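This briefing is meant to be read beside the sequence and the structure.

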Amino acid sequence: MSRTIVITSGKGGVGKTTSSANLGMALAKLGRKVVLVDADFGLRNLDLLLGLENRVVYTALEVINRECKLDQALVKDKRQPNLSLLAAPQTRNKTSITSAHMKALVEVLSRYFDYVLVDCPAGIETGFQNAIAGAKEAIIVTTPEISAVRDADRVIGLLEANRIKDIKLIINRLRPKMVKNNDMMSVEDVLEILSVKLIGVIPDDEQVIVSTNRGEPLVLSENLPLAGIAYENTAKRLDGKEVEFLDLDAPRDTLLSRLQRWLTGNS
Ligand code: ADP
Ligand code: MG
């Protein structure tokens, strides 16, 4: 059974595209066949994050207009053949694409892939309605800020009104030190407002920005940074596995701490 999941948020800039790229890549690494659909028409972000921008010839628009075949528009990832991308057109003239088109497109894709992940644009207008049209599940991304959480709550209401009841939550850009000093909402604070199932907590990590600029999702790094491990764990939970949440506060395993453990025989 194929799963069709829209990755959305209330507020913009909270990490939808970052989460789409990393979850897609992590699921592909688990052996699932994944297609990422960029529904942020007019902006085209996902292809850049994946470093696939030079290989995009056709987009969802040409498929919908029957100007090319679906497989001509699907860009296979060079590093991970289980992952494909359907890019968004750069044109801002989005009026020609309707919810019905998007629904049909996602339905066709779901015949060929285990996961169809749709990266949603910001806002709750046409672009949002189109992005959710074919999805049966949703992942809400929020940062631990009250404005983002409030907007996420409104979007959860909208999703439910659109018959999407299976909604999961990713809390992104958490900074444990700030939480400790009561300068940031904690995971519990967020969950008190949003009563949906938590599947991921991603720390704020400058490696995310480095990987964005390189066009290489974090989960492909050799020495997985904490945010990369958090994304891998999120993907496993999404895939139905029980994985404990990371203690983001724990000191990292440094060479010195390993040496100390070795010397004291506590390895
Ligand atoms: P959206 O798709 O919701 O607009 P993006 O995924 O484009 O958001 O992320 C917005 C910005 O935030 C990007 O510059 C991205 O690199 C940065 N970002 C996202 N997640 C993190 C994180 N966990 N730590 C640090 N920076 C992040
Ligand atoms: Mg985005």
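A salt bridge is a side-chain nitrogen of Lys or Arg within 4 Å of a carboxyl oxygen of Asp or Glu. By this criterion, Arg-3, Glu-137, Asp-166 and Lys-168 are linked in a network of salt bridges. The model is a predicted one, and it holds 10 salt bridges. Side chains of opposite charge can pair when their charged atoms come close.

- Glu-137 and Lys-168 are both buried.
- A further salt bridge joins the side chains of Asp-204 and Arg-173, with an N to O distance of 2.6 Å.
- This pair also links distant parts of the chain, 31 residues apart: Asp-204 is in the loop between β8 (197–203) and α10 (206–214), while Arg-173 is in strand β7.
- Asp-204 is partly exposed, because its relative accessible area is 30%, and Arg-173 is likewise partly exposed, at 37%.

- Arg-154 and Asp-151 form a salt bridge in which the closest N and O atoms are 4.0 Å apart.
- Arg-154 counts as exposed because its relative accessibility is 55%, whereas Asp-151, at 25%, is partly exposed.

**The nonpolar cores**

- The largest nonpolar core has 49 residues, and those with the most contacts inside it are Leu-105, Leu-109 and Leu-159.
- Helix α7 (residues 146–161) gives the most to this core, contributing five residues.
- Beyond its neighbours within four places in sequence, Leu-159 is in contact with Thr-8, Phe-128, Ile-132, Ala-138, Ile-140, Ile-164 and Ile-167.
- Apart from this core lies another, of 36 residues, whose members include Leu-23, Leu-49, Ala-148 and Ala-235.

**A buried threonine**

- Thr-142 is part of strand β6.
- Is Thr-142 buried or exposed? Thr-142 counts as buried, because its relative accessibility is 0%.
- When its neighbours within four places in sequence are left aside, the residues in contact with Thr-142 are Ala-148, Val-149, Ala-152, Leu-169, Ile-170, Ile-171, Asn-172, Val-190 and Leu-194.

- Which residues make the nonpolar surface patch of about 390 Å²? The patch is made by Leu-259, Trp-262 and Leu-263.
- Trp-262 lies in helix α12 (residues 255–264).
- With a relative accessible area of 62%, Trp-262 is over the 50% cut-off and is therefore exposed.

- Asp-205 caps the N-terminal end of α10, where one of its side-chain oxygens lies 2.9 Å from the backbone nitrogen of Gln-207.
- After α10 comes Gly-215, which has a positive phi, near 70 degrees.

Key:
Residues numbered from 1 in each chain as written. Chains lettered and ligands numbered in written order. Predicted model: local features only at pLDDT ≥ 70, side-chain atom pairs only at ≥ 80, totals over all residues. Heavy atoms only, no water. Core = buried A, V, L, I, M, F, W, Y, C linked by side-chain atoms within 4.5 Å. Buried < 20%, exposed > 50% of the residue type's maximum accessible area, 1.4 Å probe, protein only. Helix = DSSP H or I, 4+ residues; strand = E, 2+ residues; numbered from the N terminus. Contact = heavy atoms within 4.5 Å. Patch = residues over 30% accessible without salt bridge, like charges linked within 9 Å, V, L, I, M, F, W, Y side chains within 5 Å. Areas by Shrake-Rupley, 256 points an atom, 1.4 Å probe, with all protein chains shown as cover. Polar contact = N/O pair within 3.5 Å; in protein donor to acceptor, adjacent residues only side chain to side chain.
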